[in-house]
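Hi,

Here is the structure I promised to pass on.

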Amino acid sequence: ARVWCGLGDEPFLDSHQIPALATRAGLKIFGKFNGASGAADARSVRRALALFAKEDEPPAVIVWLRDKDGDNNRAEGFLQALAARPCTTPVALGLAQPEIEAWLICAWTPDSPEEAAQLGSVRADIGFDPTLRSHDLSSKSGNVRDAKNVLARLAAIGSSTEARWASAPLPLLTVRGQLNGLAQLIADASLHVVAAVGGRSG
């Protein structure tokens, strides 16, 4: 059986729990990253990779999903940790800019005149088409460009955003996801995740 899992039988690993779990596992991980101080998330990723490496049955592939919230240091920190990782498990990276709602928004296309009008209303309020420039949205609550707010407005009518996400063509998501982190995840998933579940990458 193939399942998504975190550590042990948990369905996923919450990044907020990583420091406590590393302490409980007796992991003592110190030092810089190739002589440089760790950027945002570098230590958290390094601890997580070490925790997975200690599992009796390490995962075939790790998918690291994180809201970027406009912080480019999170991408740098991930790469620092990956270069010094204590395991050889392939890792697929998904850093959502500004947050994961941007991925749902870039999968959204109007299916009716009413939905087209709704998109037009949102576009008029924020100054651009959010489905084409979801990376320019905000992760600050209360901001008119807040990704959660924009998604809620688009989802107010029509089919669910989850249904659109599940059925959206990968080429569309790749084009629209170049700057919001989704294209990177699609490429990594094609290379690592597909191979891990017995398919052919590419």
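Below is what turned up, going from the backbone to the side chains.

A bit of background: this is a predicted model, so local features need pLDDT of at least 70 and side-chain atom pairs count only at pLDDT 80 or more, while totals for chains, interfaces and linings use all residues. Residues are numbered from 1 along each chain as its sequence is written, and side-chain values use heavy atoms, with hydrogens and water left out.

Start with the loops. Gln-97 and Pro-98 are joined by a cis peptide bond, with omega about 0 degrees. Pro-98 belongs to the loop between strand E2 (91–96) and helix H4 (101–106); helices (H or I, at least four residues) and strands (E, at least two) are DSSP runs, numbered from the N terminus.

Asp-41 isn't a glycine, yet its phi is positive, about 80 degrees. You'll find Asp-41 in the loop between helix H1 (18–24) and helix H2 (42–53). Asp-41 counts as buried, at 15% relative accessibility (buried is under 20% relative accessible area, exposed over 50%, partly exposed in between, with a 1.4 Å probe and protein chains only).

Asp-69, also not a glycine, has a positive phi of about 50 degrees. Its loop runs between strand E1 (62–67) and helix H3 (73–83), and at 36% relative accessibility Asp-69 is partly exposed.

On to cysteines: the whole structure has 0 disulfides (pairs of cysteine sulfur atoms within 2.5 Å). Cys-106 is buried at 0% relative accessible area, whereas Cys-5 is partly exposed at 39%.

Cheers
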